Amino acid sequence: MLLRQLEYLSALARERHFARAAAACHVSQPALSAAIRRLEADLGVQIVRRERRFGGFTPEGERVVLWAHRMLADRDALRQDLDRMAGGLTGRLRIGAIPTALTAAPLLTGPFSELHGRVRISFESLSSREIVRRLAEYELDVGMTYVDGEPLGGAVRTVPLYPERYLLLTPDNSPLAERTTAAWDDAATLPLCLLSPDMENRRIIDRAFTDAGVAVEPMLEADAVSVLYAHVATHRWSTIIAHAWLHLFGVPDGMRIVPMIPPASSHRIGLVLPDRVPEPMLARALLDVAGSVDMRAALDQLLRRHVRSRS
């Protein structure tokens, strides 16, 4: 019964709404509320602030939620370990990735699925800060984000995958289209569309412009790479892309890529996971695949191919 109560509590923490949490757990709202009340009685603390609607958690409740996530994660890890002993991994691998890394993710998940075909994979597109938070709260197994940028916080392990390289994606008739490399101050003179300021990739781009002594005010901002590509394909705008985006989107017709002069600081995309013992089996299996796949070489080869095709 305790694990069921913890599952209900975890769902309430995720949904922040009693009815939605009950629906997610496939039980009635009274059954979920009663189970959480029993958990409060067993622990001798109030967990949920009850108002006319869900009012959040008490300080003791926040601590219980964290332990609930931890205990449910340990239960899942036990199941995965037993499945491995029985002949193969099962379960669900939960990955949170920043949007700029999502396009390269199949280089990992493809080989992973070939080895572990019974494992389901769920991806969420998240900010780097949200990935860190959800790893700490046991809501993700692995993050795919910058490993040498903003602080990751807590006890985490990082596995670098590839350095990010930056390219100007600009129309054929752009004044910079024929350059072999583009300077940041020159790129700032173009009508740009860029990712939103709340995304770490955008903050990296902004720092590169600042280091070049210019400030940039994009004509359009978006929170998805696909939206940027849809707009530059009209040939009205230019953008700065990470080279991993070429893996999915390539170069639209009538556009050119020009390598940007490397900024003063390099930034690497990698895997991030909590430093826990025992190590979750699914996370360990993904790390094993990452160790056998040279993502850096694959993406650099893709970049060279696109650069050669423009000359």
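This note sets out, point by point, the main features of a predicted model of one protein chain.

1. Overall make-up. The protein chain contains 13 helices and 12 strands. Its C-alpha atoms fill a box of roughly 70 × 50 × 30 Å, taken along the principal axes. The chain has 311 residues, of which 49% count as buried. Among contacts between residues at least 6 apart in sequence, 73% join residues at least 24 apart.

2. Strand E5 and its two partners. Strand E5 covers residues 142-146 and is mostly covered, since five of its five residues are buried. Strands pair in a sheet through backbone hydrogen bonds, and the pairing may be parallel or antiparallel. Both senses are found around E5. With strand E3 (residues 91-97), the pairing is parallel and extends over three bridges; here Gly-96 stands opposite Gly-143 of E5. With strand E12 (residues 268-274), E5 runs antiparallel and is joined by four bridges. In that pairing, Thr-145 stands opposite Gly-270 of E12.

3. The three-stranded sheet. Which strands form the open sheet, and in what order? The order is E10-E7-E11, and the pairing is antiparallel. Strands E10 (239-242) and E11 (255-259) stand at the edges with a single partner strand each, so one side of each has no neighbour in the sheet. From one strand to the next, the twist averages 35°. Strand E7 (residues 166-171) is joined to E11 by five bridges, and Pro-171 stands opposite Met-255 in E11. Helix H10 (residues 225-232) lies across E7, E10 and E11, and runs at about 135° to E10.

4. The packing of H2 and H3. Two packed helices are described by the angle and the distance between their axes. For helix H2 (residues 18-25) and helix H3 (residues 29-43), the angle is about 100° and the axes are 8 Å apart. Angles of 65 to 115 degrees count as roughly perpendicular, and H2 and H3 are therefore described as roughly perpendicular to each other. On the H2 side, the contact is made by Phe-18, Ala-19, Ala-21, Ala-22 and Cys-25, while H3 contributes Gln-29, Leu-32 and Ser-33. By class, this contact has six nonpolar, two polar and no charged residues.

5. Helix H9. This helix, residues 200-211, has 12 residues. From its first C-alpha to its last it reaches 16 Å, close to the 16 Å expected at 1.5 Å a residue. Buried residues in H9 include Glu-200, Asn-201, Arg-202 and Arg-203, and also Ile-204, Ile-205, Ala-208 and Phe-209. Just after H9, Gly-213 takes a positive phi of about 85°.

6. The setting of Thr-100. This residue is found in helix H5 (residues 99-102). Is Thr-100 buried or exposed? Its relative accessibility is 2%, and Thr-100 therefore counts as buried. Which residues does Thr-100 contact, leaving aside its neighbours within four places in sequence? They are Tyr-146, Tyr-162, Glu-164, Leu-195, Asn-201, Val-225, Ala-244 and Trp-245. Among these partners, Tyr-146 lies within the range of strand E5 (residues 142-146). Asn-201 is one of the buried residues in H9. The C-alpha atom of Thr-100 is separated by 17 Å from that of Leu-192, which is 92 residues apart along the chain.

Note on methods: Residues numbered from 1 in each chain as written. Predicted model: local features only at pLDDT ≥ 70, side-chain atom pairs only at ≥ 80, totals over all residues. Heavy atoms only, no water. Helix = DSSP H or I, 4+ residues; strand = E, 2+ residues; numbered from the N terminus. Expected span 1.5 Å × (residues − 1). Buried < 20%, exposed > 50% of the residue type's maximum accessible area, 1.4 Å probe, protein only. Pairing = 2+ DSSP bridges. Axes fitted to C-alpha atoms, helices over the stretch in contact; angles between N-to-C directions. Contact = heavy atoms within 4.5 Å. Parallel < 35°, antiparallel > 145°, perpendicular 65-115°, else oblique. Nonpolar A, V, L, I, M, F, W, Y, C, P; charged D, E, K, R; others polar.
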